[in-house]
Amino acid sequence: MNDTIYALASASGRAAVCVVRISGRDSGLVIERLTHRSRPGQRKASLRKLFDNDGGLLDEALVLYFAGPASFTGEDAAELHLHGGRAVVTGVLEALAALGLRQAMPGEFTRRAFEHGKMSLAEAEGIADLVDSETSAQRAQALGQMSGALDQRFAVWRAALIESLALMEAAIDFPDEDLPPDVANGALAVLASLRADLASALTDRRGERIREGLRVALIGPPNVGKSSLFNGLIGRDAAIVTSTPGTTRDVIEAGMMLNGYHVIIADTAGERDTTDEIEAEGVRRAHAWAQQADLRIWVRDASQLTADPGQERVGPNDLGSDWVVYNKADIGPAPQSPVSALTGAGVDLLLDRIGAFAAEVLGGSDFPASTRARHRVLLETAVYHLDQAISHFGGAAELVGEDIRLACRSLERLSGRIGAEDVLERVFASFCIGK
Ligand SMILES: Nc1nc2c(ncn2[C@@H]2O[C@H](COP(=O)(O)OP(=O)(O)O)[C@@H](O)[C@H]2O)c(=O)[nH]1
Ligand SMILES: [Mg+2]
């Protein structure tokens, strides 16, 4: 049996209303003690006076009582909607501690909901993402995941695995070691098409990019105005601007919201050969960042056009797109895409273009198969086992069956049907207290 826990579920600090959550077998009893009355009807808001252990009045609050399993956690639970004064909240929290309740750990309410079968692990992650959401795209994705969109994709794949496993198990019952060809062909076809599905789902990086931000690198030779443009785009002086080439050494990142998407823009060291050790490291980091970027904006100096913008040195990027903009358009003729970080001309237009690009590459009606590294790694593991299974065809059916089972297990870990304790710890520890 779980002990009874409590936590402030709303943000700390003065507010009109603050919500305290309680969950565990003593929830009803605690409400009776706090209110000096019998517990209110289930899932009904009741106005009650709250008292501390010495009978002092703490607040007049809305009290809700939920009898398990019809509660968020699946166990008896309660909510107190308090007047949000600090003294009220502190007094109530102290009274709950005095009644022997334990302060909840981060994510413990959601973990209990998961343990009681109220939701899958992916759905629980969706709740965490919703609480963390800052852009409308993050909100929409979190809501989808919370309602099982990710689990539905995993379930379809798992069903295909189980189908092929059933075929293999039928084959294992054959006296001969070798698979009957028709059964083998059937299972192989299912596995091959599943492998193709998973591999294509893995190339879709929308889910993680929506959560973590689309990555946009400003890149180009020194002194073309990358840092100035970076400051102009993010709307503050985050990067140092000087007329000395080679000023920027580190990659400087700033997050912003564009067109409902989280976008990370990076200012980088100017692309040139240098004997300065620190600058050379900066150039190396610039390359590394640019290689992983979804969009690379090559900045050129319209007043000093040279043949080589440095683009060739970073090399092609299968995942991202490349644009060229001509900065310093105030003092030189730009052949196209003019901007001036100095006057601000063209900066808003560039932001609009980046926002439209984000919508183009991150939009789409189908739900991604992965929204965080945990999912991607497990899907990669499933693909690995599928490849193993496929490579064992023509040999012993048991070996094929075993790899199908391992692939299945990876998918089950995604939903949390099976899972190691440390994975659960890690997922729920990232939640805030009270969630
Ligand atoms: N006239 C003009 N000068 C600029 C513009 N953008 C940057 N500069 C100047 O160009 C120099 C180099 O700028 P900086 O942003 O440090 O370039 P970076 O080395 O590419 O990061 C500085 O003296 C800036 O003031 C612009 O749009 N117009
Ligand atoms: Mg710079």
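**Exercise 1. Is Asp301 buried or exposed, and what does its side chain pair with?**

Before we start, keep in mind that this is a predicted model.

*Step 1.* Look up the relative accessible area of Asp301: the value is 6%. Buried means under 20%, so Asp301 counts as buried.

*Step 2.* Now find the partner. Asp301 forms a salt bridge with Lys328, and the closest N and O atoms are 3.4 Å apart. The cut-off for a salt bridge is 4 Å, so this pair passes.

*Step 3.* Asp301 belongs to strand S10 (residues 295–301), while Lys328 is in the loop between strand S11 (321–327) and helix H12 (347–362). That puts the two residues 27 apart, and the pair links distant parts of the chain.

*Step 4.* Lys328 has 23% relative accessibility and counts as partly exposed.

**Exercise 2. Work out which parts of the chain the salt bridge between Asp3 and Arg112 ties together**.

*Step 1.* Start with the atoms: the side chains of Asp3 and Arg112 meet at 2.9 Å, N to O.

*Step 2.* Locate the residues. Asp3 sits in the segment before strand S1 (5–8), and Arg112 sits in helix H3 (residues 108–115), so the bridge ties together parts that are 109 residues apart in sequence.

*Step 3.* Compare their surroundings. Asp3 is partly exposed at 31%, whereas Arg112, at 4%, is buried.

*Step 4.* Another of them joins Arg206 to Asp204, with 2.7 Å between the closest N and O atoms. Arg206 is buried as well, at 10% relative accessibility.

**Exercise 3. Describe how domain 2 and domain 3 meet**.

*Step 1.* The domain assignment gives domain 1 as 5–104, domain 2 as 123–204 + 369–429, and domain 3 as 211–362.

*Step 2.* Now the distance and the touching residues. The C-alpha centres of domain 2 and domain 3 are 39 Å apart. Nine residues of domain 2 are in contact with five residues of domain 3.

*Step 3.* Turn to area. About 620 Å² is buried between domain 2 and domain 3, and carbon and sulfur atoms give 50% of that. On the domain 2 side, Thr135, Ala137 and Gln138 lose the most area, together 51% of what that side buries.

*Step 4.* Look for polar links. Across this interface there are five residue pairs in polar contact and one salt bridge. Helix H5 (residues 136–146) gives the most to the domain 2 side, with four residues. By type, that side divides into one nonpolar, five polar and three charged residues.

*Step 5.* Have a look at Asp129 and Arg211, which form a salt bridge with their closest N and O atoms 3.1 Å apart. Both belong to one network of salt bridges that share partners, along with Glu125, Glu212, Arg372 and Arg374.

**Exercise 4. Where is Gly74, and which residues is it in contact with beyond its neighbours within four places in sequence?**

*Step 1.* Find its place: Gly74 is in the loop between strand S4 (57–66) and strand S5 (77–83).

*Step 2.* Check accessibility. Gly74 has a relative accessible area of 13%, so Gly74 is buried.

*Step 3.* List the contacts. Leaving aside neighbours within four places in sequence, Gly74 is in contact with Gly68, Pro69, His116 and Lys118.

*Step 4.* Finish with a distance: the C-alpha atoms of Gly74 and Asp250 are separated by 49 Å, and the two residues are 176 apart along the chain.

Notes
Residues numbered from 1 in each chain as written. Chains lettered and ligands numbered in written order. Predicted model: local features only at pLDDT ≥ 70, side-chain atom pairs only at ≥ 80, totals over all residues. Heavy atoms only, no water. Domains from an automatic or database assignment. Contact = heavy atoms within 4.5 Å. Buried area = accessible area lost by both parts, 1.4 Å probe. Polar contact = N/O pair within 3.5 Å; in protein donor to acceptor, adjacent residues only side chain to side chain. Nonpolar A, V, L, I, M, F, W, Y, C, P; charged D, E, K, R; others polar. Buried < 20%, exposed > 50% of the residue type's maximum accessible area, 1.4 Å probe, protein only.
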